[in-house]
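Work through the exercises below with the sequence and the coordinates at hand. Each task is followed by a solution in steps.

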Amino acid sequence: MNERRTLLFDFDGVIADTFHIAHGVAKKLCVYLTETEYRKRFNGNIYDLRRALLAADHGDRCDHALDWWAEFAPGFKTTARPFDDMPELLKRFAETYTLYIVSSSRDELIAHFLEKYALTDAVKGSYGVDVNTRKDEKFRMLFRAQGVRAEECVFITDTLGDINEAASVGISSIGVTWGFQDNGTLSRGNPFAIVDAPQELPSAVEIFFASR
């Protein structure tokens, strides 16, 4: 196994099917976050855009003081499920590549999910919102801590904001369309590839590393 070939996975929308849970909380936070508007929030860094949203005065129609994680965590722990074929794919990938999760979610929730679906051994570590709200900074942390270089990685994600943050530190991305954003949105970030089903990921990853 080549330890220098590293797969970086986003979590929500790539491994875990959580859009319906997250959007349900978003609607409690702000009535203006329709499904379409909520998906647009992921065109950039979700935490930067959330701060701008909460700074606006929407009167008593919104609960901008809502504790997001207190609302999100119970639903996540009881109803979040992996996308079809993703557990098996992660285990297969772990036989050849080193896997990390770089996510906007909390590490505790990621760990809970990985244990629940017997994936703890497949993933070497996670970099969640606990360490930084920005993924570009989390990538830099991973480089320093793990001795990995950008050209040895590919990031698998479902949002334009993630693709752009990865590109800012020299990491190429593979976009997936079964999560929070569609092909047209993802293509604006010029990812290495876009795939429409988990079964297409192994081929895309193999082609990526063959091109290095």
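**Exercise 1.** State at what angle H4 and helix H6 (residues 107–116) pack, and classify the pair.

Step 1. The angle between H4 and H6 is about 5 degrees, and their axes are 11 Å apart. Axes are lines fitted to C-alpha atoms, for helices over the stretch in contact, with angles from 0 to 180 degrees between N-to-C directions. Helices are DSSP runs (H or I, at least four residues) numbered from the N terminus.

Step 2. H4 is therefore roughly parallel to H6; angles under 35 degrees count as roughly parallel, over 145 as roughly antiparallel, 65 to 115 as roughly perpendicular and the rest as oblique.

Step 3. On the H4 side the contact (heavy atoms within 4.5 Å) is made by Trp69, Phe72, Ala73, Phe76, Lys77 and Thr78, and on the H6 side by Glu108, Leu109, His112, Phe113 and Lys116. By class this contact has 6 nonpolar, 2 polar and 3 charged residues. Ala, Val, Leu, Ile, Met, Phe, Trp, Tyr, Cys and Pro count as nonpolar, Asp, Glu, Lys and Arg as charged, and the others, Gly among them, as polar.

The model is predicted: local features need pLDDT of at least 70, side-chain atom pairs count only at pLDDT 80 or more, and totals for chains, interfaces and linings use all residues. Residues are numbered from 1 along each chain as its sequence is written, and side-chain values use heavy atoms, with hydrogens and water left out.

**Exercise 2.** Describe how helix H5 (residues 86–94) packs with helix H10 (residues 201–210).

Step 1. The angle is about 30 degrees, with the axes of H5 and H10 11 Å apart. H5 and H10 are therefore roughly parallel to each other.

Step 2. Met86, Leu89, Arg92 and Phe93 of H5 meet Leu201, Pro202 and Val205 of H10. The contact of H5 with H10 has 6 nonpolar, no polar and 1 charged residues.

**Exercise 3.** Find which helices each supply at least two residues of the lining of the largest pocket.

Step 1. The helices are H1 (19–29), H3 (46–55), H4 (68–79) and H8 (160–167). H3 gives the largest share, 4 residues.

Step 2. The lining residues divide into 12 nonpolar, 8 polar and 8 charged.
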